[in-house]
Amino acid sequence: SITDKMLTLGEPVRTAYEISENNKIIPLNDSVVALFAGDVIHANEILQVALKNLSSANPESVRDIAEIVNGSFTQHWQSIITNVLQRRFQIDHQTFMHNQPKFDPDLVKQVSQFIANLRIAVEIIVAGTHGEDSNAHIYTMDHSGSVVSQDSIGYACIGSGSRHATLSLIENEISSQSSLSKSLLSLLKAKSRAEYDPGVGSLCDIVIIKNGAYSQKSQTEVDIILKEFKKHQNRLKKSEQKVATALENLC
């Protein structure tokens, strides 16, 4: 797994900037991690709730863990609604939902529109292995409320640069059967392609889940990996230039 380190704040004015301390990969246990894109404050609130919920649960699979994270997403969404309703109208979300016929129709319309339009600008990936199932699994979720398995394609991309990254992974024919070495190189290519989007930073974190254990590479290790990758990119550019020159001479 690879993430950038762009810090995005959605309110009151959308702001994005890189910070080396920003960590978008949160371990949920020894072999499952959550990665997020979008508003860093809301994302961390959701994942803190998720960690608390997981501490009192006994999930049997990565899917179970993803469902708990998704439920925590819903909890955070509901808490925002409740806070607004209590501040403005001295009622909570459940009271409003169960007593709508008793309220003024204009109030019901106003509150319903607020609830319908509330979007938490966060996307989350839950990935790893867990329990008796040694196979890796990938799930995604966002404000829509659904947990979606990405196992059939073997990867998931989120955030503003996701389209660039997805196209890169398609070009490199990545699947759930790809080797670790091919996957890492392809992810680095996808991260580099995603940087064409202004919302994606150049700094990055790298996490590998291998033999049932999660490992986040140190900054020194990341720097070494990126240095070798850039050498590969430079060699590739030189090779492509030779081919381009040869083709031009044939015209």
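Reply: Start with charge: Lys and Arg count as positive and Asp and Glu as negative, while His and the chain ends are not counted. The place of a charge is NZ of Lys, CZ of Arg, CG of Asp or CD of Glu. On that basis the protein has 24 positive and 28 negative charges, and their mean positions are 7 Å apart. This is a predicted model, where local features need pLDDT of at least 70, side-chain atom pairs count only at pLDDT 80 or more, and totals for chains, interfaces and linings use all residues. Residues are numbered from 1 along each chain as its sequence is written, and side-chain values use heavy atoms, with hydrogens and water left out.

Me: How many helices and strands are there, and what makes a run count as one?

Reply: The protein has seven helices and 10 strands. Both are DSSP runs, numbered from the N terminus: a helix is H or I with at least four residues, a strand is E with at least two. The C-alpha atoms fill a box of roughly 80 × 45 × 30 Å along the principal axes.

Me: Why is valine 126 called buried?

Reply: Buried means under 20% relative accessible area, exposed means over 50%, and partly exposed lies in between (1.4 Å probe, protein chains only). Valine 126 has a relative accessible area of 0%, so it is buried. It is found in strand β6, residues 122-130. Of the 251 residues in the protein, 37% are buried.

Me: What does valine 126 touch?

Reply: Contact means heavy atoms within 4.5 Å. Leaving out residues up to four places away in sequence, valine 126 touches several residues, among them Leu28, Val62, Ile65, His137 and Met141. Glutamate 60 is 66 residues from valine 126 in sequence and 14 Å away in space, C-alpha to C-alpha. Across the protein, 53% of the contacts with a separation of 6 or more join residues 24 or more positions apart.

Me: Why is histidine 42 called buried?

Reply: Its relative accessible area is 19%, and the cut-off is under 20%, so histidine 42 is buried. Histidine 42 sits in helix α1, residues 40-55. Neighbours within four places in sequence aside, histidine 42 is in contact with His76, Ile80, Ile120 and Val122.

Me: Which parts of the chain does the pair of aspartate 205 and lysine 5 link?

Reply: The side chains of aspartate 205 and lysine 5 meet in a salt bridge at 2.8 Å, N to O. This pair links distant parts of the chain: aspartate 205 is in strand β9, lysine 5 in the loop between β1 and β2, 200 residues apart. Aspartate 205 has 5% relative accessibility, so it counts as buried. Lysine 5 is at 4%, so it is buried too.

Me: What makes the phi of glutamate 173 and of asparagine 211 worth a look?

Reply: Most residues other than glycine have a negative phi. Glutamate 173 has a positive phi near 55°, and asparagine 211 has a positive phi of about 55°. Glutamate 173 lies in the loop between α5 and α6. Asparagine 211 lies in the loop between β9 and β10. Glutamate 173 is at 61% relative accessibility, so it counts as exposed. Asparagine 211 is at 77%, so it counts as exposed.

Me: Why is leucine 250 called exposed?

Reply: Its relative accessibility is 71%, so leucine 250 counts as exposed. Leucine 250 lies in helix α7, residues 219-250.

Technical notes:
Salt bridge = Lys/Arg side-chain N within 4 Å of Asp/Glu carboxyl O.
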